[in-house]
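Here are my notes for a colleague who is opening this one for the first time. Have the two chains on screen while you read.

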Amino acid sequence: MEGGTKMKIMNMVNAINNALDIKLKEDKNIIVYGQDVGVEGGVFRVTEHLQKKYGKDRVFDAPLAESGIAGTAVGMAAAGLRPIIEMQFSGFVYPAFNQIISHAARMRNRSRGRYQTPIVIRMPYGGGINALEHHSESMEALFGHIPGLKVVIPSTPHDAKGLLISAIESNDTVIYMEPKRIYRAIKQEVTEDKFSIPIGSANVITKGTDVTVIAYGAMIREVQKAIVLAKEAGISVELIDLRTIYPIDRDTISNSVRKTGRVITVTESPRSFGVASEITQIVNEDSFLYLEAPPKRVTGFDVVVPLPKGEHHYMISAEKIFYEIEKTVKF
Amino acid sequence: MIIMFKEYDPIKKKMFKIIDDDGNIINKKWFPELSDEQLLKAYWDMVFARTADLQTVNYQRQGRIYTYPPNYGQEAIALALGAVMHENDWLVPAFREMGAYLAKGVSLKEIFLYFMGHEDGSRFKNAKNILPMAVPIASQLQHATGIGYELKYNKKKDVVFAVVGDGGTSEGDFHEAVNIAGVWNVPVVFIVQNNQYGISTPFSVQTASDGIAIKSYAYGVKGIQVDGNDYFAMHTALKHASEHARKGNGAVLIEAVTYRKGAHTTSDDPTKYRTKEEEQQWEVKDPLKRLKAYLVTSKKLKTTNKEEEKIISQYKKEIDRQFVEAENYKPYPLDDVFKYMYEDMPIDLQAQKMEHEKFLKWKEVRK
């Protein structure tokens with residue numbers, strides 16, 4: 001899929017900006033807007049320089065109205081544009097739920113294919129950044145539950161770019177969740193050329209034989225640290241980066257679990273009715289007879305993410321993941 | 001046209017009217033430029049729309065369709081809208097705009113199909129630039145503002161007409177949509193059908209504001225309060241509002257004051273929350289009666305009662321023909337439940353469908 005040779009060191013912010021830049025240049029129908037995304041380039045600077053480059057009618061600041069941002073995007077998309085909108089923080093997306101769930105996710109079905117809503121809804125999500133209330137939640141399961149939406153979460157700059165290109169080119173509405181905790185924490189070489197990673201394909205990051213660990217977003221880095229501890233303890237871990245929450249890559253999950261016989265899912269979001277529960281059921285349906293231990297969910301608690309002084313109680317550490325790996329392997 | 005917005009500036013609390021309750025012209029200056037042929041077409045279109053609307057309520061009573069929200073008493077608004085709209089203009093409807101649907105090219109059969117509970121009613125085979133009905137109240141107004149952005153962005157000369165009821169103006173989406181349309185200076189004409197009730201809730205419970213048109217001030221857009229039961233006033237107001245928007249001067253908020261003579265939907269019983277006296281007060285303002293009175297007084301309508309009855313019975317036959325067509329519409333295939341959710345059906349969804357098909361096969365064998 002990699003097309004070129006012009007490599008550049010990028011963090012996730014750079015990579016997302018680069019993907020937006022490539023697509024804005026390529027397709028006049030693409031419009032980028034949201035709160036503070038124009039002049040300021042977004043509170044995380046993800047859209048920096050884009051307004052200067054593409055003009056105020058293509059990259060601009062929206063009024064402070066999440067429902068309005070999402071709702072106008074539905075109208076623009078029905079009329080033929082391809083809006084990419086930003087929710088400043090995922091914790092502020094709730095006022096836009098009616099527009100996303102009742103309209104963006106349904107317009108094609110409601111109109112029997114007459115209209116479609118190729119919208120990308122970008123939003124930084126997740127905790128661990130010492131933020132105010134409503135700036136730390138992970139609600140991917142809420143979106144994953146809505147028929148008509150696709151939900152994508154990258155864990156590296158490279159994937160962030162490739163997945164965003166696919167999201168922008170999709171004719172479905174894509175919820176693109178950005179793990180803000182690792183926005184600038186991971187740097188890697190990424191080509192400046194265009195490439196895409198298909199939505200719905202997980203990535204086996206590390207091959208292993210004893211246990212499968214499935215994670216995504218900022219949790220990948222924590223699992224990778226846990227894998228170092230596991231290796232010292234003589235445990236071989238296979239790590240799957242889910243990359244897409246919906247549609248989920250069932251085959252990659254099943255192939256791995258059938259090989260290892262053990263599975264742990266790590267998510268930052270609350271446990272009940274979450275992605276880890278969904279994966280557990282997929283494993284039960286597809287790989288029941290291969291299991292040597294009960295599938296395990298390592299997740300946030302069913303609580304509100306605590307404010308910074310208490311957040312360490314909530315966030316999942318590499319040590320905790322290793323603890324669960326060891327228990328599952330020894331089951 | 002700015003003059004009209006000045007003369008009827010909402011701050012003056014002056015409702016825009018052209019004919020009185022008896023169909024006499026009281027405001028000649030703003031009488032729309034319509035040929036006799038157009039005037040008669042307006043009348044017969046309204047007769048047709050009312051006949052179809054009342055007939056639809058009958059079908060519901062016969063158990064042949066599900067819930068239906070009647071247009072009865074409010075027809076002038078949608079009919080004037082239908083007459084003013086250009087071919088490429090967008091219609092973003094609420095759900096009481098049959099006249100505008102028909103003018104757009106939506107068939108009665110499609111309208112029936114929708115209220116029989118079939119998405120194919122929103123295919124709009126012969127109509128363009130019309131969104132399907134949006135049930136969550138006022139949410140559609142945001143789409144109108146977004147479409148307006150597309151028109152402006154691509155330098156098109158079309159206009160969006162977006163409709164909402166008085167209850168809908170209490171929703172946050174109303175505020176956001178009109179506010180953003182003001183900021184973006186997009187060509188959207190917002191039409192509030194103020195029919196005095198949101199189901200059973202009277203207008204006085206929706207807002208302490210002195211009407212809706214005045215709210216245009218807060219959004220920096222033009223506004224006007226219009227007698228929604230006066231076909232000519234609606235025609236002129238919509239015409240001027242749309243030309244204002246078409247020329248790039250921004251959005252307009254029209255409050256069309258009307259009365260919902262029928263129930264909210266066929267599941268509703270208005271006798272529980274409004275009086276006979278009130279209904280009678282509004283009866284004299286009926287839009288069809290007033291339009292007819294004007295046409296008869298001005299000797300433009302020469303049809304005898306007997307001839308009119310004959311025409312209406314022909315309409316009924318046509319309405320019934322389309323209704324029966326909708327009743328005999330092809331069965332709803334299982335495929336259609338799944339195939340429009342995504343551009344390409346996700347593997348997991350395909351699996352869900354196959355699993356169900358296996359069950360159906362099993363059921364067939366079991367018979």
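1. A word on pairing before we start: two strands count as paired if DSSP finds at least two bridges between them. Helices (H or I, at least four residues) and strands (E, at least two) are DSSP runs, numbered from the N terminus. With that in hand, look at β10 (residues 211-215) and β11 (residues 237-241) of chain A, which pair in the parallel sense over 5 bridges. In this pair, A:T212 stands opposite A:E238 of β11(A).

2. Some housekeeping. This is a predicted model, where local features need pLDDT of at least 70 and side-chain atom pairs count only at pLDDT 80 or more, while totals for chains, interfaces and linings use all residues. Residues are numbered from 1 along each chain as its sequence is written, and chains are lettered from A and ligands numbered from 1 in the order in which they are written.

3. Back to the sheet in chain A. It is open, with 5 strands in the order β9-β11-β10-β13-β14 and mixed pairing. β9 (203-206) and β14 (296-300) of chain A are the edge strands, each pairing on one side only. From one strand to the next, the twist averages 25 degrees.

4. Now the helices on that sheet. Helix α8 (residues 219-232) of chain A packs on it and touches β9, β10, β11 and β13 (263-270) of chain A, with its direction at about 175 degrees to that of β11(A). Helix α12 (residues 318-330) of chain A packs on the sheet too, touching β10, β11, β13 and β14 of chain A, at about 165 degrees to the direction of β14(A). For these angles, axes are lines fitted to C-alpha atoms, for helices over the stretch in contact, and angles run from 0 to 180 degrees between N-to-C directions. Contact means that the C-beta atoms of two residues, placed from the backbone, lie within 7 Å.

5. How is chain A divided? The domain assignment (automatic or from a database) gives domain 1 (7-191) and domain 2 (203-330). Their C-alpha centres lie 26 Å apart. Across the boundary, 24 residues of domain 1 of chain A are in contact with 22 residues of domain 2 of chain A. On the domain 1 side, β6(A) gives the most, with 4 residues.

6. Where do the chains meet? The contact takes 33 residues from chain B and 34 residues from chain A. On the chain B side, α6 (139-153), α7 (172-184) and α15 (347-366) each give two or more residues, and α6(B) has the largest share, 10 residues. The chain B side divides into 17 nonpolar, 8 polar and 8 charged residues. Ala, Val, Leu, Ile, Met, Phe, Trp, Tyr, Cys and Pro count as nonpolar, Asp, Glu, Lys and Arg as charged, and the others, Gly among them, as polar.

7. Last stop: strand β2 (residues 160-165) of chain B, where 6 of its 6 residues are buried. Buried means 20 or more other C-beta atoms within 10 Å of a residue's own, with C-beta atoms placed from the backbone. B:V160, B:A162 and B:V164 lie on one side and B:F161, B:V163 and B:G165 on the other. β2(B) pairs in the parallel sense with strand β3 (residues 188-194) of chain B over 6 bridges, and B:A162 has B:F190 as its bridge partner there.

How values were computed:
Buried ≥ 20, exposed ≤ 12 C-beta atoms within 10 Å, placed from the backbone.
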